[in-house]
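Trainee: Please walk me through reading this model, one feature at a time.
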Amino acid sequence: MRIIAMKKYIDNTVKVIFFMIIFNCSGYVFGQALQFKVTLNSDQTIGQQKTDPQTMNQLQTYMNDFLNNTRWTDDVFAKEETIKCQLTVSITRSLAQGSYEATAQLVVSRPVYNSSYETVLFTYIDKNFAFSYLPGTPLFFNENSYTAELPYILAFYAYTALTFDYDSFSKLGGSPYLQKAFNIVNQARNSSAFQKGWNPSGNTFNRYFLIENLMSPQFLPFREGMYTYYRQGLDIATQNPAETRAKVLSVLVDINEIAKLRTASVVINSFFDTKSDELYRILMEGTPEQRSKAYTLLVSLDASRAQKYQKLSQ
């Protein structure tokens with residue numbers, strides 16, 4: 001059983017300490033919740049705008065250190081349970097010394113129990129990654145008071161990653177971290193000079209709308225469905241694949257109801273960007289009735305990949 005889940009169901013402090021001692025004696029190494037790998041691509045600005053490569057190296061080091069050395073949760077994680085995150089930042093231009101525009105892709109993964117398979121929880125492309133960075137200038141972070149753009153964007157990613165991971169282990173388990181991400185957005189909306197990513201007047205796939213979707217009561221079935229999909233579905237796939245398929249199909253039914261209310265949702269689009277291949281593999285093994293139902297749902301919800309799903313109908 002996952003250590004953080006064990007903590008949630010043990011109220012007695014002495015018992016918590018006892019279990020931590022047992023796990024440490026059993027060879028567990030406790031560490032940070034998030035394991036980020038940040039890749040910075042600055043070739044375009046180095047070649048065209050003569051951006052200093054050393055500055056770019058320092059920037060990449062700062063992002064890695066900030067994300068991996070900040071304590072984002074008090075829960076205890078064994079080393080093999082850390083949440084793996086990949087953040088790829090591609091700088092597109094430098095408007096002035098220390099001022100940058102970029103796009104970023106965040107990918108969050110977690111292991112599937114009783115298997116060697118690792119599933120992607122969430123993929124997000126941020127086209128509004130604009131910030132300032134000067135080597136040697138300290139960038140402070142205070143989640144209750146806006147400090148600087150770069151640490152605020154990175155903290156937003158960290159809390160969003162925790163939201164999706166915790167939602168996959170317990171129903172609405174990520175709510176405390178979703179609230180923190182929501183607070184980050186509100187602080188930035190009021191103070192940031194880079195409003196495109198934080199403001200509802202920006203595009204409907206920016207950071208504001210990502211959190212707006214997740215906070216909306218209309219999306220509660222989606223968040224609850226993440227527990228169904230992962231903990232009650234994928235995590236039992238080796239023992240009961242038929243039940244896994246039934247659970248995954250039930251999640252698609254719920255998402256379809258949400259999509260009728262909220263078209264062009266960043267959360268739903270991200271789900272299918274992330275899960276289309278996995279959905280196809282799981283549901284292709286279903287009964288003819290399941291495959292037919294899955295096909296109807298998928299071509300409606302994810303029309304751009306209809307050709308991928310075609311074999312489900314055969």
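Mentor: Start with Lys308, which is partly exposed, with a relative accessible area of 30%. The cut-offs: buried is under 20% relative accessible area, exposed is over 50%, and partly exposed lies in between (1.4 Å probe, protein chains only). Asp277 is also partly exposed, at 42%.

Trainee: What are the ground rules for numbering and confidence?

Mentor: The model is predicted: local features need pLDDT of at least 70, side-chain atom pairs count only at pLDDT 80 or more, and totals for chains, interfaces and linings use all residues. Residues are numbered from 1 along each chain as its sequence is written, and side-chain values use heavy atoms, with hydrogens and water left out.

Trainee: Where do the side chains of Lys308 and Asp277 meet?

Mentor: In a salt bridge, 2.5 Å from N to O. The term needs a side-chain nitrogen of Lys or Arg within 4 Å of a carboxyl oxygen of Asp or Glu. Lys308 sits in helix 12 (residues 306-309) and Asp277 in helix 10 (residues 266-283), so the bridge ties together parts 31 residues apart in sequence. Helices (H or I, at least four residues) and strands (E, at least two) are DSSP runs, numbered from the N terminus.

Trainee: Which residues do salt bridges with shared partners join into one network?

Mentor: Arg110, Arg231 and Asp235.

Trainee: How many salt bridges does the structure hold?

Mentor: It holds 15. One of them joins the side chains of Asp235 and Arg110, at 2.9 Å from N to O. This pair links distant parts of the chain, 125 residues apart. Asp235 is in the loop between helix 8 (220-230) and helix 9 (241-261), and Arg110 is in strand 5.

Trainee: Is Asp235 buried or exposed?

Mentor: Buried, because its relative accessibility is 2%. Arg110 is buried too, at 2%. Now take Lys247 and Glu243. Their side chains meet in a salt bridge of 3.7 Å, N to O. Both residues lie in helix 9, four residues apart, about one turn of the helix. Lys247 is partly exposed at 23%, and Glu243 is partly exposed at 31%.

Trainee: Next, backbone angles. What is phi of Asn114 near?

Mentor: It is near 60°, a positive value in a residue other than glycine. Asn114 lies in the loop between strand 5 (99-111) and strand 6 (118-132). At 54% relative accessibility, Asn114 counts as exposed. Leu172 is not a glycine either, and has a positive phi of about 60°. Find Leu172 in the loop between helix 5 and helix 6 (175-191). With 24% relative accessibility, Leu172 is partly exposed.

Trainee: At what angle do helix 5 and helix 7 pack?

Mentor: Axes are lines fitted to C-alpha atoms, for helices over the stretch in contact, and angles run from 0 to 180 degrees between N-to-C directions. Helix 5 (residues 149-169) and helix 7 (residues 207-215) pack at about 30°, with their axes 12 Å apart. The two helices are therefore roughly parallel. Angles under 35 degrees count as roughly parallel, over 145 as roughly antiparallel, 65 to 115 as roughly perpendicular and the rest as oblique.

Trainee: Which residues make the contact?

Mentor: Contact means heavy atoms within 4.5 Å. Helix 5 contributes Glu149, Ile153, Phe156, Thr160 and Phe164. Helix 7 contributes Arg207, Leu210, Ile211 and Leu214. By class, the contact has six nonpolar, one polar and two charged residues. Nonpolar covers Ala, Val, Leu, Ile, Met, Phe, Trp, Tyr, Cys and Pro; charged covers Asp, Glu, Lys and Arg; the others, Gly among them, are polar.
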